[in-house]
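This briefing describes how two chains meet in a structural model, for a reader who has the sequence and coordinates at hand. Please keep the structure open while reading the points that follow.

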Amino acid sequence: MMKTMSKAETYNSKIIDELFDSISPEKEEKIRKRMLLAARIDKGIKAKGWKKKDLAEALNKRRSEITRWLSGTHNFNSDTLFDIERILNIGLVTLNDVPKEQVIKFHLVVSEIIESANPMSYAGTLNDTSLIDLYYGEESQFYAVSSN
Amino acid sequence: MRYRLVKINKLSGYEASLYSIYLEDEQRTLFERFLEENKNSFKSELKNILARLNTIGHYTGANEQFFKLREGKPGDGVCALFDIKF
């Protein structure tokens, strides 16, 4: 006799909603980030073709400690994160400021494309709105440019 | 024993779906019963569990690393979330 499976119904629960909604956004974010951090470390271990015991040996830790790190519940200290970054060659802690995208609008008339000019040059197709790369010496920055 | 599987809307997302079970003609799922029974004594722990399940459903998926394996009888596939401080 053929067995049939019907799709499970979706349900909402008052007690789940009440308890979940009582979690502060800050607490929820910390819990989520601990798990995302653990997932990234696990990915780094697998990317190296390693298992937990390999990371434990590389960092002179017990395997049970690695299990705790990967559980998503651990509150890491910075030195441990730096060690893991170094051994797995992955990024876990961002120290550099992420440059903010700048949007500058100005009237722009282009009569010719300058291939190269120092200390400042530009590159990119210029239509009504374009992304151009401005170079200041060795530094460069992208700008969204509107011609109107 | 008759039972019915239901998908928990609040905690399920693109990464994983989470389910509970209605037994016989009970009005609450097993998960709701668990929450009711522990909400007075272990409210903080329950909130942590819910936040972790929500992360699994919406952000990470049910990665094996988040679970203690072999928590049930041999071969039944039962696993558990880790204690907050283990």
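Two strands are said to pair if DSSP finds at least two bridges between them, and the strands and helices themselves are DSSP runs (H or I of at least four residues for helices, E of at least two residues for strands), numbered from the N terminus. In those terms, an open sheet of 3 strands with mixed pairing runs in the order S1(A)-S1(B)-S2(B). The model is a predicted one, in which local features need pLDDT of at least 70 and side-chain atom pairs count only at pLDDT 80 or more, while totals for chains, interfaces and linings use all residues. Residues are numbered from 1 along each chain as its sequence is written, and chains are lettered from A and ligands numbered from 1 in the order in which they are written.

- From one strand to the next the twist averages 45°, where axes are lines fitted to C-alpha atoms (for helices over the stretch in contact) and angles run from 0 to 180 degrees between N-to-C directions.
- Between the chains, S1(A) pairs with strand S1 (residues 3–8) of chain B in the parallel sense over 3 bridges, and A:Thr10 has B:Lys7 of S1(B) as its bridge partner.
- Within chain B, S1(B) pairs in the antiparallel sense with strand S2 (residues 19–23) over 5 bridges; B:Arg4 stands opposite B:Tyr22 in S2(B), and B:Leu5 stands opposite B:Ile21 in S2(B).

**The interface as a whole**

- In total, 26 residues of chain A are in contact with 27 residues of chain B, two residues being in contact if their C-beta atoms, placed from the backbone, lie within 7 Å.
- On the side of chain A that touches chain B, at least two residues each are supplied by strand S1 (9–11), H1, helix H2 (25–47) and helix H4 (63–70) of chain A, and H2(A) gives the most, with 8 residues.
- By class, that side of chain A has 13 nonpolar, 7 polar and 6 charged residues, with Ala, Val, Leu, Ile, Met, Phe, Trp, Tyr, Cys and Pro counted as nonpolar, Asp, Glu, Lys and Arg as charged, and the others, Gly among them, as polar.

**Helix H1 of chain A against helix H1 of chain B**

- Helix H1 (residues 14–21) of chain A packs with helix H1 (residues 30–38) of chain B at an angle of about 50°, with their axes 9 Å apart.
- H1(A) and H1(B) are therefore oblique to each other, given that angles under 35 degrees count as roughly parallel, over 145 as roughly antiparallel, 65 to 115 as roughly perpendicular and the rest as oblique.
- H1(A) passes H1(B) in a left-handed crossing, a term that applies if the near helix is turned anticlockwise from the far one by less than a right angle, whereas clockwise is right-handed.
- The residues that make this contact are A:Ile15, A:Ile16 and A:Leu19 of H1(A) and B:Glu32, B:Leu35 and B:Glu36 of H1(B), which by class come to 4 nonpolar, no polar and 2 charged residues.

**Helix H2 of chain A against helix H2 of chain B**

- The axes of H2(A) and helix H2 (residues 43–60) of chain B come within 9 Å and cross at roughly 55°, and the two helices are therefore oblique to each other.
- The crossing of H2(A) and H2(B) is right-handed.
- Residues making the contact include A:Ile31, A:Met35 and A:Leu36 of H2(A) and B:Ala51, B:Thr55 and B:Tyr59 of H2(B), and by class the contact has 6 nonpolar, 3 polar and 3 charged residues.

**Chain A overall**

- The secondary structure of chain A comes to 5 helices and 5 strands, which run β-α-α-α-α-α-β-β-β-β from the N terminus on.
- Of the 148 residues in chain A, 13% are buried, a residue being buried if 20 or more other C-beta atoms lie within 10 Å of its own, exposed if 12 or fewer, and partly exposed in between, with C-beta atoms placed from the backbone.

**Backbone positions to check**

- A:Asn89 has a positive phi of about 55° although it is not a glycine; A:Asn89 lies in the loop between helix H5 (78–88) and strand S2 (102–105) of chain A and is exposed, with 10 other C-beta atoms within 10 Å.
- B:Arg70, also a residue other than glycine, has a positive phi near 50°; B:Arg70 lies in the loop between strand S3 (67–68) and strand S4 (80–81) of chain B and is partly exposed, with 13 other C-beta atoms within 10 Å.
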